[in-house]
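Take a look at the model, then read the points below.

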Amino acid sequence: MDVSPKALSNGQRAADLERMAASELDLIVIGGGVTGAGVALDAAGRGLSVGLVEQRDYASGTSSRSSKLLHGGLRYLEQMEFSLVREALAERNLMLNRLCPHLARPVSFVYPLQHRVWERAYVGSGVLLYDGLASLAASPLPHPKHLSQTALLELAPGIDPESAVGGIRYWDAQVDDARHTMMIARTAASLGAAMAPSTRVTGLLEEDGRVGGVEALSLESRRTFGLRAKKVINATGVWSGDLQRMASDGGLTVEASKGIHLVVPKDRIRSDSGLILRTEKSVLFVIPWGEFWIVGTTDTPWTLGRAHPAASRSDIDYLLRWANSVLVDDLTPDDVVGVYAGLRPLLKGESDETSKLSREHAVLESENGLVSIAGGKYTTYRVMAEDAIDVAFPDAPPSRSEDIPLVGAAGYAEAVDAEPRHGVDSEAWQRLLGRYGGLVDEVLAPAEGHRDLLEPVTDDAPYLRAEILYGVTHEGALHLDDMLTRRTRLSIETSDRGVDSVEAVADVMGDVLGWTEGDRDDEVAHYVARVEAERDSQTQWDDRTADAARMGAPDVRTGESE
């Protein structure tokens, strides 16, 4: 089932808020991460009237700060979570084959072996089981392969020969999580869902002891709205407890685990494959990412500010130390171009170690009718969404989300084989297809009359001015942080963290959004302050001082340090 793409814009956002306030909906979803957007898509696909509210931007929390992998979680086999792995692999294959082939792409990993016999047998059997579970759901990826030391070093000459006697190569998939989440949101909107980011829930509306909607504050207009619905679903991840307290309900217990990632230039690690390493606590990935590598992740409890978790110097040193344990040429802090930190919402378990808390999800309806969903993995968002709607609306038609490709999937295959259009070269055309799929003509069309839109906003990254324009007119970006951190990845893919391009980006965004000179200056100042605070936090040795440093920059939407 193909859908006609609907643009998200500031004007559409305002209209959707008015539409939500005008009459009772079937459902209001709280949270614009991958789970909340997926819930809105699933519900709209079943014919329900849906509204979504998100206090910041789509994917502004956990869903833009993951390892950017679509995977079953090879290490979960060791924890005997076979059903979770099988489910996630089926979803991975579905995204590669049908739902978002324009966004998801294959990626290989090598596991370097330190022991010739027992480790090859042990790891090899796990990888073989992983591949077998994937094959049950029509995996389009190659089968794993055992490598001798010679073959390993040919594939990854950056590995220190002293650290590995051979290796095992296997395949998974990756995706730009923020772009993927935003495309889910656009697909939900195209199916009729009303979408309102930058809208904070300040209270729950109750009648006869049942939750029947939310009180919401638009952080753009500062207007308050009463939004009524038959059901409210709490899909706020690490903020789940806040909503449950509003409902005076204990509900699910969610703990936050901090994971940080480093971005380093591609030429600093010589390899034609990603790497996966076992650490004393978990696993570490070295993931191909365009002209970079992403190195991550940590897995530590976090009890401080949830909006902008901070990466400390000890976190950074931990990742560098483990990456360097297998590399010929050591990485140093000077090699790090970007750093980002996110919080995983984990269902509370018996162990205090977050790496062992459940990655499975749960859906719970409280006595007053609030439905909460939490836990899970990025890869299984669609299953989580389906389960949430099944609980909230047991008499609704069955889910159709398995057969609804995301916007951009239609026309993608034809565009891949087409000659570049609109004056871009082949390299730029293919890059844009990997971000917009079949919508690439829509992105580039304004450049027909304005050739300056084909110019990059900075010499250090490939993002075009046309992409900035499109990010506002069709993808709902309202602030510089939305554009530099999520619609593009300038905040982690340039050594200046996007500061050198902030003026050019502000010019394009301000023209569309009607910013005054004062608005523009405030936006630039907010973004620069955010970067400075993040840099400061990354020099601090522990979480508490790093968090205090990061909180030195106020949130652009609220003006508060959160």
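This is a predicted model: local features need pLDDT of at least 70, side-chain atom pairs count only at pLDDT 80 or more; totals for chains, interfaces and linings use all residues.

Helix α16 covers residues 502-513, and strand β16 covers residues 338-347. H479 sits in the loop between α13 and α14.

**Helix α16**
- α16 has twelve residues, and at 1.5 Å a residue it should span 16 Å. Its end C-alpha atoms are 16 Å apart, which agrees.
- Its buried residues are V502, A504, V505, A506, V508, M509 and G510.
- These buried residues pack against α13 (465-473), α14 (480-487) and α17 (517-537).
- G514 follows α16 and has a positive phi, near 75°.

**Strand β16**
- β16 is mostly covered, with ten of its ten residues buried.
- In a regular strand the side chains alternate between the two faces of the sheet.
- Both faces of β16 are covered. One side holds G338, Y340, G342, R344 and L346, and the other holds V339, A341, L343, P345 and L347.
- β16 pairs with strand β11 (residues 254-265) in the antiparallel sense, over ten bridges.
- P345 in β16 is the bridge partner of A256.

**Residue H479**
- H479 has a relative accessible area of 8%, so it counts as buried; the cut-off is under 20%.
- The side chains of H479 and E523 make a polar contact at 2.5 Å.
- Not counting residues up to four places away in sequence, H479 touches E220, M509, W515, E523, V556 and R557.
- One of these, M509, is among the buried residues of α16.

Methods:
Residues are numbered from 1 along each chain as its sequence is written. Side-chain values use heavy atoms; hydrogens and water are left out. Helices (H or I, at least four residues) and strands (E, at least two) are DSSP runs, numbered from the N terminus. The expected span of a helix is 1.5 Å times one less than its number of residues. Buried means under 20% relative accessible area, exposed over 50%, partly exposed in between (1.4 Å probe, protein chains only). Contact means heavy atoms within 4.5 Å. Two strands pair if DSSP finds at least two bridges between them. A polar contact is a pair of N or O atoms within 3.5 Å; within protein, one must be able to donate a hydrogen and the other to accept it, and residues adjacent in sequence count only if both atoms are side-chain atoms.
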